[in-house]
Structures are given as C-alpha cells and as structure tokens.
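Visitor: I am new to this structure. Please take me through a single part of it in close detail.

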Amino acid sequence: MVTLYHWEPNANSGKPMLTLAEKGVGYESHYLDLLKFDQHQPEYLRINPDGTIPALVHGDRVLTESTPMMEYIDEAFPGPPLRPTDPRARWQMRWWMRFFDAYFAPSLSMIGWSVFIGPAARQRDPAELRAAVERIPLESRRIAWRKALFNEFSEEELTESRRRVVFATGVLEAHLSQHPYICGEAYSLGDINGFNLGYALPLSQPERCNDQKTPHIMEWLRKIYERPATRATWAKGRTQMAARVGMLERAAAGPKRDGGDA
Amino acid sequence: MLELYHWEPNIFFLKPMLALAEKGIEYTGHYFDPTNFEQFRPDFPANRESRLQLEREGPVLVHDGAIIASSFFMLEYIAETFPGPTLLPTEPYERYRMHSWGQIVALSLGGAVAALGCERYLVPALRSRPAAQLRAQIATIEPLERRSAWAALVAASDDDTAARAARSRLALPVQRLEAALGGSPWLAGTQYSIADIDAFAMLNALPTLAPTIVGQRSTPHISAFLERMHARPAVRAAMALSRTGRPAEAFVPGPEASRWG
C-alpha cells in the first residue's frame with residue numbers, strides 16, 4: 001500500500017509522481033494545495049512534522065526527502081530499473097541530481113517564487129498570510145515563504161539567481177550535447193529529476209532556453225515529455241503551472257493531411 | 001589503478017580514506033595542500049563535475065582513468081565498486097535513510113562545520129601570508145562560487161558574526177543526528193554504512209569547535225557514536241596518514257549556506 005502526498009507535478013512533488021508512474025506502481029494520491037498551505041495543516045503534520053511536500057507512505061514507513069525517495073521507489077518496487085548498473089554512471093546520476101537540487105533549483109525557484117508564487121498568494125488577506133507563515137514548522141521554510149509572500153528578495157539575490165540559471169543552463173546544454181540522457185544512453189532518475197526542474201525552462205527563460213541556443217536541452221525535454229508516464233503524470237496537474245508542459249509538444253512536421261489514414 | 005588525491009584525514013578528505021581502509025583496498029595516495037591552491041594546478045585531475053562540485057574543495061578519486069568527486073557520492077562509488085565488507089545497508093528503507101543523511105550532512109551540517117573550522121584555523125593562517133600574492137592567487141580561481149568562498153575568508157571581519165551564524169545553522173542537523181543515534185546504533189539503522197563515515201568525518205571536530213552544541217552533556221548519543229568510531233581500526237589507520245599530526249585543524253571552505261535564508 002503506497003500513499004503519496006503531493007502538489008502539482010512540478011519540482012519536488014513531481015519527482016516521486018513520475019518515478020512511480022515509470023515503475024507502474026499505483027498509489028493513493030493526496031493532493032495538497034501548496035498555495036493554500038495545506039502542507040502546514042495539523043492533519044498533514046502528523047504525517048510529516050516538517051510540513052514539506054512530498055511525503056511517501058509505504059506500509060509503516062514515511063519518506064520525506066524527494067531525491068532519496070526516488071532511489072527508494074526504484075529499489076523497493078518491481079518495474080523497469082531507473083538507475084544504471086555501472087557505478088560510474090550511477091555516480092554521474094547522483095552528481096547531477098545534487099547539481100539540480102542544490103544549485104540549479106534554488107536559483108530557478110527563487111525567480112519562480114518572486115514572479116509566480118508570491119503574487120498568487122498575495123491575493124489573500126495579509127493578516128491571514130502572516131498567521132499562515134507563523135505556523136510553518138521549519139525556520140528555513142518560514143524565511144523562504146516570508147520572502148516570497150512579502151516580496152523581500154533583494155535585487156542582489158535575484159541577480160545572482162539569474163546568473164546561476166544562465167550558467168547552469170549552459171552546463172546542462174554542454175552535458176546533453178555529449179550524452180542523450182543525464183547518465184549516458186539510458187533514461188534514469190537523473191532525467192526524472194531534471195525534467196521536474198526544467199520542463200518549463202523554454203517558457204520561463206525563452207531568451208536562454210530555445211531551439212537555437214539550447215537544442216539539446218529542447219530535444220531532451222521533448223523526448224521525456226513523449227513518454228507515456230510523463231503524459232500520465234502531468235495530466236494529474238490541476239493548474240496552469242502544470243499545463244505549461246504542453247509547449248513541449250512537437251510541432252507537426254509538415255502540413256496536416258486531410259482525410260483518414262491510408 | 002586507483003589513486004586518491006587527498007589532504008589531512010579530516011572533513012571531506014577523511015571520508016574516502018576511511019572507506020578505503022574499511023574495505024582494505026590499496027591505492028596510491030597523492031597528498032596535496034588545498035590551502036596552497038594545489039587543486040587548481042593544470043596537472044591536477046579535473047573534469048566538469050569535479051570543478052563544479054558543490055562542497056567546493058575536496059578529495060578526488062581517479063579509478064582506471066575515471067575522475068570521481070563530491071565526497072558522499074565518492075563513498076557510494078567506493079561502496080558499490082570494491083570488494084570487502086559491505087558499507088551499504090541491504091534493506092531499501094535503511095538505504096533511503098543513508099541517502100537522506102548524506103543530503104543533510106552535505107547541505108546542512110557540512111557547510112556550518114566547514115565555516116566554523118575555517119574561522120578558527122584557516123582564516124588566521126591565511127592572514128599570516130603576503131596579502132597581495134594571496135589575492136592574486138584567489139583572483140584566478142574558477143568557478144566563481146569557489147573563488148568567492150576563498151575571497152570571503154580573506155575579507156572576513158574580526159567579529160564573530162559568521163561563526164555565530166554557523167553555530168545557529170548547526171542546531172537542527174545536530175538535533176536530528178542526536179535523535180537518530182538515540183534510536184539506533186548507526187545512522188541508517190542496524191548496519192554500519194557510508195552514512196556513518198560521512199557524518200563522522202564532519203562531526204569529529206565539533207566537540208572542539210562547538211563544545212556547547214556537541215559534547216557529553218548536550219549530545220550523549222553523538223559522543224558515544226564518536227567513541228565507537230574512534231575505536232574502529234579503519235579510523236585509526238586513516239588518521240595515521242596525517243602529516244601534520246593535527247588533522248582536526250585542517251579545514252577548507254565547504255558547501256555554501258542555503259541561499260534562501
């Protein structure tokens with residue numbers, strides 16, 4: 001019996017969703033609305049006292065770290081393996097997941113929170129928002145939410161984040177120009193992680209990530225989007241944010257034919 | 001052919017030295033002094049991943065030509081590649097815990113420990129060097145994140161603002177480690193694993209660097225864990241590779257603190 005507490009197929013929530021879909025593991029889905037702070041409500045804090053999402057419950061085990069969670073899913077369930085067997089390729093997969101998680105993602109999400117999450121949440125009553133922030137269990141998350149909700153990012157921080165996104169995009173493009181997938185020839189957890197981080201890059205960074213400047217990133221994203229598990233996972237999205245994935249649809253190669261199949 | 005580029009048996013450098021000793025694997029050691037920027041010399045083994053590794057300065061393993069960097073993932077590589085006693089738990093949930101500890105040690109504990117050690121030992125050492133030459137050496141470091149870390153040490157103020165911030169960042173990971181070690185002998189659970197090697201390498205200096213945060217009284221389970229580790233023959237063998245005789249004073253800049261606050 002597997003239960004997953006998650007938000008949209010996006011970033012950390014999307015990592016176990018897509019991994020479970022690739023493995024063909026069914027799960028009971030609990031959608032939590034991040035913007036309504038469902039993850040800080042007492043019912044959820046009984047599952048994960050840190051109030052972070054996602055959380056995976058498998059029997060009596062509770063897993064709350066999304067990247068280690070992906071490795072667990074790959075090990076604990078049957079289905080196609082999502083990690084290479086060669087230790088060197090595994091090392092590369094893990095190195096990239098850390099680069100995505102701890103370098104690329106914080107900068108990209110700082111920009112995302114300043115332009116999307118913050119303004120969306122500010123539609124609500126400020127007093128209510130302040131009370132909601134005070135209920136956040138982890139101090140580091142409290143600081144992050146406060147910055148996003150009350151637009152307290154400094155210009156210096158945002159400039160550095162933009163620099164890092166440009167730099168990391170270049171590093172990823174260089175890597176994918178040498179390898180079709182993150183750790184070589186085979187699709188792996190590294191690609192699942194990277195797709196969750198980067199599926200909307202062509203929309204959020206159109207000047208930096210496009211068919212001319214980053215053709216290998218574009219091809220990689222489209223290939224991943226064509227996988228049935230990716231389509232099924234993003235179909236669970238409820239908001240415009242997840243719907244952005246549709247821009248990865250390949251344009252028709254030629255003019256559409258009239259009439260039925262030959 | 002297995003070669004390890006390492007410094008004193010402390011922090012990131014200690015991890016592969018200890019894991020290889022646990023496994024009983026022979027290797028060619030290349031001792032280098034990262035505070036003299038030897039890791040930026042043209043003949044030092046490097047690839048994209050080793051230059052951009054997020055712990056910034058650390059050991060490099062070269063195995064049959066393949067360059068492996070980033071100390072926790074290096075531990076996992078050693079554990080998965082070489083014969084000898086297994087350093088990976090067999091049970092998937094214990095392996096999940098092992099990975100989670102690796103993440104916490106790298107992203108939360110590690111940066112704070114490195115910052116405290118640098119403030120105590122490395123900053124005064126750098127101050128005793130000719131300033132202009134030091135600044136010129138630092139100015140050529142790539143990537144920017146590694147250069148900035150060294151530049152920040154040279155520019156460090158005399159007050160204890162940075163040390164206080166590092167101490168406050170230690171509180172949460174130390175509290176979690178203490179709780180985990182109260183519940184099981186090893187961090188992943190019942191089996192000794194690379195999670196213990198990884199955490200030990202970063203925790204070992206804390207009773208000296210932050211005695212009010214880690215010590216017999218405040219963290220009895222961590223203290224007992226450190227004692228259990230010091231009793232291991234592999235720990236003694238790794239420590240015996242010190243050239244200065246004071247490995248616990250060897251520090252380099254580590255992972256940056258979270259950019260979110």
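Guide: The side chains of Glu75(A) and Arg95(B) meet in a salt bridge, 2.8 Å from N to O; the term stands for a side-chain nitrogen of Lys or Arg within 4 Å of a carboxyl oxygen of Asp or Glu. This is a predicted model, in which local features need pLDDT of at least 70 and side-chain atom pairs count only at pLDDT 80 or more, while totals for chains, interfaces and linings use all residues. Residues are numbered from 1 along each chain as its sequence is written, chains are lettered from A in the order in which they are written, and side-chain values use heavy atoms, with hydrogens and water left out.

Across the interface of chain A and chain B, the rule finds nine salt bridges. Chain A brings 45 residues to the contact and chain B 36 residues, where contact means heavy atoms within 4.5 Å. The size of an interface is often given as the accessible area lost when the parts come together. Here the buried area (accessible area, 1.4 Å probe, that two parts lose on being put together, summed over both) is about 3700 Å² between chain A and chain B, and carbon and sulfur atoms give 59% of it. On the chain A side, Trp91(A), Trp95(A) and Arg98(A) lose the most area to chain B, together 22% of what that side buries.
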